[in-house]
Amino acid sequence: MDRLRPRRPGVGTKGTKIKLYSNFYTISIPSADCYHYDVEIKPEVPPPVGRLVIAEWRKIQAAKIKSKVIDLTVFDGRKNIFSPKLIKFEGNSDASTLKISIPEEDSSKKAYVCLRCFSRDFTVTVKLVATVNMERLHRFLDDKGESDVPRDTLQVLDVLLKSRPADLFESVTRRTGGSFYQNYDPRFNISSGLNARNGWRQSLRPTYHDILLNLDIANTCFYQHGPLLHVVASFFNKSRIEDVPPRCFDSKTIEFQRLSKFLATVNVNVTYRTSGRRKYKIRRLHKEGAAKTTMKLEGENAGAMAGKTITIQQYFKQTYNINLRFPNFPCLQVGTSGQVIVPMELCEILPNQRHLGKLNEAQTSDVIKIAAIPPPDRKRRIDEGRTSLHGTQQNPLYEGWGVNISPTMKEVEARILPTPPLLGSAEIKPQNGAFDFSKIPTKFFRPATLGCWGVAVFGDPNRIPFDAVVDFMSKLFEGCTSKGMKIIPRDWRQVIIPQRNLSVEDTLKQANSAAVSAAENRVPAAQMIFCIFERGGVRPVYEEIKYAAETKLSLMTQCFLSKHLFNTKPGVTVNLALKINAKLGGLNAVVEPSKHLNVLGRPIPTMIMGADVTHPPPGADGGVSIAAVVGSMDAKFAEYRAAIRVQPPRLEIIGGLNDVAMELLQQFQQRAKGRLPERVIFYRDGVSEGQFGEVALREVSALKQALREIGAATCKVTFLVVTKRHPARFFVKDPRDGDRKGNVMAGTVVDTGVVHPFEFDFYLNSHAGLQGTSRAAHYHVLYDENGFNADDLQEVTYRMCYLYARATRAVSIVPPAYYSHLVAARARCYRQGGISGGSSEISGGSGGIDSASMDQFSPVMESIRETMYFT
């Protein structure tokens, strides 16, 4: 394991060759050395102000040393300046310290808004710290001795290519790359106080012989700005603050908690004074309004009132002659620790503040409507971004560095892999990655039998009437039987159990008892309980059902919303049938390994594994990360089992992977009558490129340890990372090579032009796009003892994408990776009371999943672990 990452074993040849455009632009880069200077600005300032300071520094420094090289320097906004030539400061020195004063300017740009919080006088110290050898980057791109990309050379180019966009647009920069957003447009105000912004995201990508600039459209949400009360009204989806119900400002309500969480960390200006400190950060909502919140007058300004206690309302009347219009609205706690109390109506939200929290369903829907655009429109907007960010003509800065950006997208070769036939009760031929079980007579490959079942109804019987339940369940069972499943009918009145005043757990127990009583053959438990409920609630019923059924009662459940009872769309019952059959041990459709899974069709016992780790949401304090691993149990790679581990927050490496793998290997051994796998293909989801080395080293070692301990030391392992969170997009050059929406066809693979210079990776668009522009999955092989060639691994990966039990189409990532994501998400239900932990706080508050501890999660019952309960 000296070198974990295998070299590319050549490129694939199978499939129909086509030409695509990819959202990369070729860059010519310098070979000469450049120079890295450390920057210290006192007092410390945020990046927008830092750019203003350095812009003024350039003017003064250029005049002092009488050199135009200063105009070619680029600044990252924090601590680093790069120059294409060595700068000799006064006295032929490598360092300089200057006093800088920023002139007055009335501007709404973020830099000048931020500058109001600082003195306009700064001290800037610049010192040479390193020479950057750009020739090392050329050697890496040409595969001439550099095994790892020289990060310092990429940093230089990254800062250079961000300099012009950062001056023109609102920027959100990362360590590498960055996003640049257009100005606020009220037409894109969305629900609950946010504004959607359009822009572009850029990053650098090394490929064989070339360094590429990747550009894509970017969409994110900012807080609406202006008077705080206007934004609060918008948060509650009202046009006027007077229309907001008073209960929303009651500290005991969920609405108050939601508002407090929404406003926490937002920067505001106070409007009751024009001098002194005006900018503050909101920490939380105060529980009382200005009419009831008191303060003790102290200090010289208190005068004769010193030592007396007055209300905040009285204070603003006496001090600023302000009559508060809404003295009963909760005040804000602002400042370092929330020690300053300010009425909401005397604050305005500063512009250009990015919202980092999770969007609710309505906001997500609004953003998708804005962001999901057809491929031709996306390509056009990306090309507009190339012009907007970097100009149409070569600019003097890039010329001075010897850098040139291609005006057109990079053209790449691609191949459309042949679609595999599927096998149900008869052969199925998908079209562009999809088939519709509801429109073909073909039955499931291995239909299951359901003999002992019950129905649990959670909610108001007036809104979920008995007759509607019977009607829907009858349609559902018709859909199941049309696919070959055998459903034993029961007396509806005997097996449909309303919740009434029972807990979720007791309702499930009653439904199970009713199912067992109704069964002709006495069995210990129901095979499945169907659960019908309404959407919503602080403690969602779904999570309570899964917690009770899968960690306490050992019951298989199938949940669906009550809305489907009254508007049963044609595909709903068949889609549910897919899940039901898989949970009961059936197989919906398969790809015959001996004919269509190439190397996997050889008689070598093989396990396909998938893994993912989910983390607490951004901004959460504490919480847990959940690792999920799945492994195939059958020779057709369609049936999986899962194992879960709860671990400390934001830990990406799967802790105890050897134990998890051992659990799955033992189940494989039991199913295979004592045989162990001789080959493992492991698809790892959710790993960023910067973590490749550590994840591969530690997780491959843990997997190999488990194989040795169980007696499969000679088993050969292939370990791939799969990700969809990458910036590459592909567009057909010839519309005849795409689908009717303009997307690339299902089965399109790219392994040249925009891939790693010499490591084994490829992009695979395995699915047909449903909305917007399709995003291919990126597969990167980090370890390969099986010696797969490109064709074998690409074909196997693509064809397995048709084996996802919950869909009648090829999915966007290989099913074991998809299943591991489902399992990790399901595991967040396995805490007492579900995700909200039984607390009255919303998720993210005290007692929610964000602050959960590892010992609060219950394990899945053994009988449930022996099924595909997660489908």
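Where is the place of L137? I looked this up first in the predicted model. L137 sits in helix α3, which covers residues 135-141.

**Entry: L137**

I checked the accessibility of L137 and got 0%; because buried means under 20% relative accessible area, L137 counts as buried. I then listed the contacts of L137, leaving aside neighbours within four places in sequence, and found I29, V149, P150, T153, L154 and L157. I also took the C-alpha to C-alpha distance from L137 to P206, which is 8.9 Å. Along the sequence L137 and P206 are 69 residues apart.

**Entry: helices α4 and α9**

I turned to the pair formed by α4 (residues 151-168) and α9 (residues 375-390). Their axes come within 8 Å and cross at roughly 90°. I therefore noted α4 as roughly perpendicular to α9. On the α4 side the contact is made by L161, R164, P165 and L168; on the α9 side I wrote down T387, S388, L389 and H390. By residue class, I recorded four nonpolar, three polar and one charged in this contact.

**Entry: N195**

I located N195 in strand β11, residues 194-207. Is N195 buried or exposed? The relative accessibility of N195 is 0%, so I put N195 down as buried. I found a polar contact between the side chains of N195 and R197, at 3.2 Å. Setting aside neighbours within four places in sequence, I listed Y184, D185, P186, F188, N189, I190, T220, C221, F222 and Q224 as the contacts of N195.

**Entry: R729**

I placed R729 in the loop that runs between β35 (716-723) and β36 (730-732). The relative accessible area of R729 is 4%, and because the cut-off for buried is under 20%, I marked this arginine as buried. What does the side chain of R729 reach at 3.2 Å? I found the backbone oxygen of H726 there. Not counting residues up to four places away in sequence, I noted that R729 touches Y21, S22, N23, D216, R378, S774 and R775.

**Entry: nonpolar cores**

I looked up the largest nonpolar core and counted 95 residues in it. The residues with the most contacts inside this core are L476, F530, Y683, Y779, M800 and Y869. Which helix gives the largest share of this core? I found α11 (residues 466-482), with eight residues.

Terms used: Residues are numbered from 1 along each chain as its sequence is written. This is a predicted model: local features need pLDDT of at least 70, side-chain atom pairs count only at pLDDT 80 or more; totals for chains, interfaces and linings use all residues. Side-chain values use heavy atoms; hydrogens and water are left out. Helices (H or I, at least four residues) and strands (E, at least two) are DSSP runs, numbered from the N terminus. Buried means under 20% relative accessible area, exposed over 50%, partly exposed in between (1.4 Å probe, protein chains only). A polar contact is a pair of N or O atoms within 3.5 Å; within protein, one must be able to donate a hydrogen and the other to accept it, and residues adjacent in sequence count only if both atoms are side-chain atoms. Contact means heavy atoms within 4.5 Å. Axes are lines fitted to C-alpha atoms, for helices over the stretch in contact, and angles run from 0 to 180 degrees between N-to-C directions. Angles under 35 degrees count as roughly parallel, over 145 as roughly antiparallel, 65 to 115 as roughly perpendicular and the rest as oblique. Ala, Val, Leu, Ile, Met, Phe, Trp, Tyr, Cys and Pro count as nonpolar, Asp, Glu, Lys and Arg as charged, and the others, Gly among them, as polar. A nonpolar core is a set of buried Ala, Val, Leu, Ile, Met, Phe, Trp, Tyr and Cys residues joined through side-chain atoms within 4.5 Å.
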